[in-house]
Amino acid sequence: MPTLVPGPRVAGKKAFITGAARGLGEATARLLAAHGAKVFLTDIDAETVGAVARAIDAEHGAGTAFAATHDVRDEAQWEETLAAANQALGGLSILVNNAGIGVQARVEQIALEEWHRVMAINLDSVFLGCKHALRYLRESQPASIVNISSIAGIVADGQYAAYNTSKAGVMMLTKSVALDCAQQGLDIRCNSVHPGFVRTAIVQPYFDKHGEAEATRKLTKHIPMKRLGKPDDVAYCVLYLASDESAFVTGSEFKVDGGISAA
């Protein structure tokens, strides 16, 4: 186990973060950079993710952050973008699979095409990230994979058939990858994070539909802590899992849900 010393919690580490243009991905990128990591941000929104990388560089110095356009459904893009990140960062020791979408639909309502789209973005992308990043993570051990799932991968809702299924799949894939790495004797850990309701773009349509006060009331009704989560609430959990502080933690799911799953 590495000796932990005071200072930035991920100093010298190199992180690849998907869906980093906004929300949880942006918060994670900013926090990892603040704690000493170099970060490679990807998103399908090239303009916004580039602006986030430039802002991180302005705060922490040139060469801290890099950005690339990336469709996480595309296997060839995964291979190309990971290779570019490995070269730009000088290695890769952290993978954060964060990209995802939220779709509300009962099983009888959702079209097969939409079902496939949800699975491709929320689950297939995590598989592709783990599959193709491991070749680089092997060279930078100790390394960490953090997969962003959802409390919806643990607690079901009849209105979210595809979303529930995709996020539950992320949890089990995480465990499989964790066991695979451990059985190979690799110092590469893999854990999942399960946010509850966090004020990000995924829940914004709910606020657009119901208005600020009513949406907040409805979403916090069953949260014991009586508030929505903030992106940094999740980012700090990712920081712990990305750091050597969690050296004996793998194959686990971390709920950041204000107590929903405990009630």
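Guide: Helices (H or I, at least four residues) and strands (E, at least two) are DSSP runs, numbered from the N terminus. This is a predicted model, in which local features need pLDDT of at least 70 and side-chain atom pairs count only at pLDDT 80 or more, while totals for chains, interfaces and linings use all residues. Residues are numbered from 1 along each chain as its sequence is written, and side-chain values use heavy atoms, with hydrogens and water left out.

Visitor: How many helices and strands does the chain have?

Guide: The chain has eight helices and seven strands. Its radius of gyration (taken over C-alpha atoms) is compared with a globule rule, 2.2 Å times the number of residues to the power 0.38. The value for the chain is 18 Å, close to the 18 Å that the rule gives for 263 residues, so the chain is as compact as a globular protein of that length. Along the principal axes, the C-alpha atoms fill a box of roughly 45 × 40 × 35 Å.

Visitor: Where does Ser93 lie, and is Ser93 buried or exposed?

Guide: Buried means under 20% relative accessible area, exposed over 50%, and partly exposed in between (1.4 Å probe, protein chains only). Ser93 sits in the loop between helix 3 (75-89) and strand 4, and with a relative accessible area of 5% it is buried. Of the 263 residues of the chain, 49% count as buried.

Visitor: Which residues does Ser93 touch?

Guide: Contact means heavy atoms within 4.5 Å. Not counting residues up to four places away in sequence, Ser93 touches Lys13, Lys14, Leu137, Ser140, Pro142, Ala143 and Ser144. The C-alpha atoms of Ser93 and Ser140 are separated by 5.3 Å, although these residues are 47 residues apart along the chain. Pro142, one of the residues that Ser93 touches, lies in the loop between helix 4 and strand 5 (143-148), and a cis peptide bond, with omega about 0°, joins Gln141 to Pro142.

Visitor: What is the phi of Lys226, and is Lys226 buried or exposed?

Guide: Lys226 has a positive phi of about 60° although it is not a glycine. Lys226 belongs to the loop between helix 7 (212-220) and helix 8 (231-242), where it is exposed, with a relative accessible area of 55%.

Visitor: How should I read a pair of packed helices, and at what angle do helix 4 and helix 5 cross?

Guide: Two packed helices are described by the angle between their axes and the distance between the axes. Axes are lines fitted to C-alpha atoms, for helices over the stretch in contact, and angles run from 0 to 180 degrees between N-to-C directions. The axes of helix 4 (residues 112-137) and helix 5 (residues 161-183) come within 8 Å and cross at roughly 15°. That makes helix 4 roughly parallel to helix 5, since angles under 35 degrees count as roughly parallel, over 145 as roughly antiparallel, 65 to 115 as roughly perpendicular and the rest as oblique. The residues in this contact include Trp115 and Leu134 of helix 4, and Ala161 and Cys181 of helix 5.

Visitor: At what angle do helix 1 and helix 8 cross?

Guide: The axes of helix 1 (residues 23-34) and helix 8 come within 8 Å and cross at roughly 50°, which means that helix 1 is oblique to helix 8. Among the residues that meet there are Leu24 and Leu31 in helix 1, and Val234 and Leu239 in helix 8.
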